Structures are given as C-alpha cells and as structure tokens.
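The sequence and the structure are shown first.

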Amino acid sequence: MSESGMGGESGVANAANSKADATGANDAADVAEAGLDDAAGALVRIGLTTSGEAAQHFPARPVLSFVRRSGRLDDRLQRAWDAYHDRYLLDVNKAPGSLSMRAGLRIDEEFVRGSWGNAHPLIVEIGTGQGENVVAAAQASPEANFLALEVYDPGVAHTMLLAGKRDLGNLRIAQVNAPEFFEATEDGLVGEVWTFFPDPWPKMRHHKRRIVQDELAAQIHRTLAAGGVWRIATDIEDYALHVHEVMDDRTDFENLGGVTVSLPLEHVGKGNADEAVSLPHAEFAESPRFEGRVLTNFEKKGITAGRVIHDFAYRAV
C-alpha cells in the first residue's frame, strides 16, 4: 500500500474497503489487458487480420502505475475542493474526469510563469498522497515552485485543504498520469523530482506497474536541469531492489548514496516475501534520509511496523 491515494482520514472501514477494491481492480486490469492481447492474437491466427492490422485495432496500451478508483469526498474535503480548486488545480487535463494531458500542451517556462507568476526553480512530487510533505516543503521554501502530481480525488482535496489553510502561493496540483506530464515537459525545466513511498505493487505479476521504470527515468532525466536530482524513498525492501536494478546501471544518473545496505539479490512477491531473508544478499549504496522530507503519518506507520526506510538520490549527469 502506498502513501499516494489513501483517501484522506476516512477511518479504518473505508481504508479496508479501498484496499479490497484496489485488489479487485488490479486483478481486473490484468484480465482486461490479457483479454485484449489474446483477442488480437486469435484474429491473426485464424487469418482474419494481419499482425500489422491487429496492432492498429489493438494498440499497445501504457502500463499504469495506479488503478483509477472513485474516492468519495466527505463534506470537509468537498468544501476544500470547492473553495480552492480554482487556485491550486492546474487546467492541463484532456477532458473533465480524464487523467491524460491535453494534446499539444507544453509545460515550459511560459507555462510556469503563467501558473506560478514567476520562474523560480520547479520541484515536482509524484504521488503526493495527503499532501503533508509537499505542503510542508512549499511552506519552508517560498523561493521554489512546487507541483503535486496526484490522481486520487481525496488526496488532491486534502492537499488543497492543507495549502489553503497556509495560504500558500507557490504550490500547484496536477491530477494527471505522471509519465504523460513528463512527456509534455520542456527539457531542463525541473530542478528536482520526488517520489516518496510509491505503490509497491507487491504481487510479482504487478511489478511491471511500479512507477520507477527505465522509460520514466529517461523522461525525468530529460526534464531535469543540469545537476537536478530524482529523490526516491520506499519502506518496501523488494521495491528498493527494484530501484537499484532500474537506476544504478544508467549512465545518465549518478547514485549519490553514501549509506551501505544489504538487500536480497532476487525478487519476492506478496506470497513469498518471507523467503527474502534466506536469499543471497549483496551490498548497495543508498542515501541518508532526505532532510527535506517531513515525517508523514504514512511513514510513521511503516516505522512502527518495523519496516526499514530506503532513501535514494540520483543526480542527472
């Protein structure tokens, strides 16, 4: 379970229902993808179409790192949405209710000036959850512009609520798919990117949905200013291994880690996580805890549960 999209402070019952809904939605997404791929293959096999024609009718679909769930807003969050969405929520979506970027829109210096009123350095947080971290950072650093990327309505509304209470002028929110945002972003525009406690997608067959992937790393590198940093944190050991596999061999990022950790050399999933301790281990370089990340309620729960926090800092080279 990730910090992002937890649905506000709606209580244990709603959290449990959301978790159950998410599990079913994840499985349904896998079935739908497999069904479309099988259908395309079947048409080719029986001679009703060619592989090229099948690709046109069944185009490759992006693998999403989230499942769209309808999080109902309670009265408090609905009031926050109504009061603050004009101020904080960027108009970048393809259509109402869509999480896709509007075609032809470019996130460039002109867009930043129009949205924030200045050209201060831009820090982008992917998956802001309830907004605790990005709001605290924006309040502490008025000399920087902050953008919260979050797809779930309750998280967006709660971020608005916190920002509105503090009357922050340097924070904006975009409710869009993060890879699409970076595809639309100008080279060198972003100072830092933060991805703290992303959804771990613990089942082995879901690891492809993890947000840290080579394709996104390439886009983030392109949009980072010279020397810009991608900061990542997770409390899931297997996700930490995944980050190292994606990032450490890249020649366009430098691992700034100065802390040595031991991790298993093989992946485990939700059903066999207890086997990790018996697997061969190796040492990896990670970073000290990022001082700019506040201790959120989500991180506190992970620490209380005995999970180790893994911090990463990768500098664009």
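In this predicted model, G302 is part of helix α10, which spans residues 297–304. With a relative accessible area of 0%, G302 falls under the 20% limit and is therefore buried. Once residues up to four places away in sequence are set aside, G302 touches D235 and R307. G302 and I236 are separated by 66 residues in sequence, while their C-alpha atoms lie 9.1 Å apart in space.

Helix α9, covering residues 237–247, is largely enclosed by the rest of the structure, because nine of its eleven residues are buried. These buried residues are D238, Y239, A240, L241, H242, V243, H244, V246 and M247.

The largest nonpolar core comprises 43 residues, and L149 and W230 have the most contacts inside it. Helix α9 gives the most to this core, contributing six residues. Apart from this core lies another, of 28 residues, which includes A148, M160, L171 and F290. In soluble globular proteins, nonpolar side chains tend to be buried together. Leaving aside neighbours within four places in sequence, the residues in contact with L149 are V124, E125, I126, G127, T128, A174, V176, A178, F181 and F182.

A further packing arrangement involves helix α3 (residues 75–88) and helix α6 (residues 153–165), whose axes come within 8 Å and cross at roughly 70°. This angle makes α3 roughly perpendicular to α6. On the α3 side, the contact is made by R76, L77, A80, W81, Y84, H85 and Y88, whereas α6 provides D153, P154, V156, A157, H158, M160, L161, A163, G164 and K165. Sorted by class, the contact of α3 with α6 has eleven nonpolar, three polar and three charged residues.

For the protein chain as a whole, there are ten helices and nine strands, and 46% of the 317 residues count as buried. Among contacts with a separation of 6 or more, 77% are accounted for by residues 24 or more positions apart. The protein chain exposes about 15,300 Å², of which carbon and sulfur atoms supply 53%.

Terms used
Residues numbered from 1 in each chain as written. Predicted model: local features only at pLDDT ≥ 70, side-chain atom pairs only at ≥ 80, totals over all residues. Heavy atoms only, no water. Buried < 20%, exposed > 50% of the residue type's maximum accessible area, 1.4 Å probe, protein only. Helix = DSSP H or I, 4+ residues; strand = E, 2+ residues; numbered from the N terminus. Contact = heavy atoms within 4.5 Å. Core = buried A, V, L, I, M, F, W, Y, C linked by side-chain atoms within 4.5 Å. Axes fitted to C-alpha atoms, helices over the stretch in contact; angles between N-to-C directions. Parallel < 35°, antiparallel > 145°, perpendicular 65-115°, else oblique. Nonpolar A, V, L, I, M, F, W, Y, C, P; charged D, E, K, R; others polar. Areas by Shrake-Rupley, 256 points an atom, 1.4 Å probe, with all protein chains shown as cover.
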